Amino acid sequence: MMQIDIWFEQLEFVLIAGIVIFLAWLALEHRNIVYAAFFFGFMASFVAGFYLLLEAPFIAGMQIAVYTGGISALIVFAVLLLPRAQDSSLETFASPRRRRIGLVVSSLVGMLSASLALFFPWYDTFSPDLPPLEFNLELLSQWLWSEHGIYVMMTALILLTAIVGAIAILQMDKAESLISIEGEFGIESVEESIDDEVSVEEPSEEVGNE
Amino acid sequence: MIPLSWYLAVSFILIGLGAYGMMVKRNLIRILIGAEIMGNGVNIALVAVSIYSPAFSFVGQGLIILVISVAAAHTALAMVLMLIYNRRYDTVDLGTPISLEDDEHV
Amino acid sequence: MRLFLDFVPVLVWAILAVVLVGGMLFASWVLRPHVLQNSEKTSSYECGEEPIGPARIAYPYNYLVYTILFVVVDVMGAFLWLLAGSSFRLDVGIVWQVLVFVLIIMGGMGFAMKKLPETFLSGQETLTLYRKAKTERELKELETGGH
């Protein structure tokens with residue numbers, strides 16, 4: 001009975017690893033960028049399967065909630081907001097020379113990180129017994145909140161900068177696009193009084209909208 | 001039992017794929033996707049090493065939670081920067097020639 | 001391996017979702033009348049005019065801010081979910097940390113709620129931008145001579 005247990009777990013691992021690597025390759029290489037963004041979302045969900053194999057159920061849940069539900073949605077949103085990026089005929093793909101160089105350098109990066117991890121002296125001490133699972137959430141929350149609560153505060157500040165930065169950049173963008181342009185085409189600037197309800201009569205060149 | 005080197009192998013393959021995507025691609029969105037794939041690979045390595053280490057503490061899992069939340073924040077800001085780039089140059093290609101002269105705002 | 005037996009219902013549900021959706025699509029394919037399609041039938045409807053170009057519009061950028069706000073609140077929810085699942089074995093001093101954490105992020109959300117109306121375009125500004133874009137497009141058409 002032990003044999004089928006180990007064999008089943010290895011089969012699970014190979015399956016999930018294959019799907020994750022295949023989806024990651026598709027997310028980078030597919031021609032249509034909307035498809036690529038969705039494949040990234042699927043890949044994030046399957047990486048959560050990895051975390052379940054590693055007996056970390058909370059991390060798996062957080063991965064699905066934040067990565068698939070948040071970051072993947074952000075990327076799909078960015079793709080939808082840019083109609084220029086969705087037309088795959090406009091996209092220039094990399095030349096074969098650049099691809100070869102990228103392949104060489106990325107395999108160098110992979111091998112460097114592999115040697116950093118596998119040739120350290122304490123690698124042999126890694127043993128495959130797994131931690132207790134029953135009080136996983138309690139111990140994890142105790143570690144995070146009571147022993148290392150300061151890092152949670154710092155993460156809150158980082159999230160704060162994300163909010164403030166997004167709004168500030170939007171305001172700057174709006175201010176840039178509304179710089180008053182007078183000149184050849186007779187476009188009014190925005191310095192005149194903005195009054196939407198009581199529009200007596202406005203100088204309209206053409207009544208194109210509503 | 002699954003040996004640790006298998007998990008690390010998958011992690012390094014994902015890191016390599018992410019690095020390849022960030023270096024070779026010219027579309028800004030694909031570069032961002034490559035960065036996220038790389039981040040996922042690093043997270044897998046972190047959790048795997050933390051669980052397999054002899055003196056078990058929750059460092060790996062706790063660190064992962066913080067890393068994922070920081071990655072979410074920086075992806076949001078990268079997205080906004082990408083939109084500003086698109087608003088300015090009307091493309092998402094990285095290879096567009098950018099001139100530093102002071103022309104009028106488009 | 002120990003977790004797999006806990007998550008078998010999720011696997012069953014995933015398989016059920018795929019099977020149901022695939023089955024519905026297959027059933028509609030079976031029940032559909034199979035007639036030949038020509039390009040006039042499959043083109044999109046645009047009130048009698050000829051559609052030119054792909055049907056992609058540019059959404060205003062304001063929707064992105066809501067997605068970012070959602071991501072921030074999502075991460076905060078993940079942290080609080082970790083706390084809530086711990087069946088209150090933690091010491092009492094954590095309350096202040098949780099309070100400070102929630103206050104920081106809610107302060108950010110309050111800032112966003114105050115400043116967001118300033119990033120919207122009012123009526124006059126929308127009109128100005130629309131006119132500017134229209135004249136730009138006309139100028140471009142003038143240069144290229146009707147694409």
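**Helices across chains**

Mentor: Helices here are DSSP runs (H or I, at least four residues), numbered from the N terminus. Axes are lines fitted to C-alpha atoms over the stretch in contact, with angles from 0 to 180 degrees between N-to-C directions. This is a predicted model: local features need pLDDT of at least 70, side-chain atom pairs count only at pLDDT 80 or more, and totals for chains, interfaces and linings use all residues. Residues are numbered from 1 along each chain as its sequence is written, and chains are lettered from A and ligands numbered from 1 in the order in which they are written.

Trainee: Which residues of helix 3 of chain B make the contact?

Mentor: Ser69(B), Ala72(B), Ala76(B), Met79(B) and Leu83(B). Contact means C-beta atoms, placed from the backbone, within 7 Å.

Trainee: New topic: how many residues of chain A are in contact with chain B?

Mentor: 73, against 64 residues of chain B.

Trainee: Which helix of chain A gives the most to that side?

Mentor: Helix 5, with 13 residues.

Trainee: And how do helix 2 of chain A and helix 2 of chain B cross?

Mentor: At roughly 5°, with axes within 11 Å, so helix 2 of chain A is roughly parallel to helix 2 of chain B.

Definitions and conventions. Contact = placed C-beta atoms within 7 Å. Helix = DSSP H or I, 4+ residues; strand = E, 2+ residues; numbered from the N terminus. Parallel < 35°, antiparallel > 145°, perpendicular 65-115°, else oblique.
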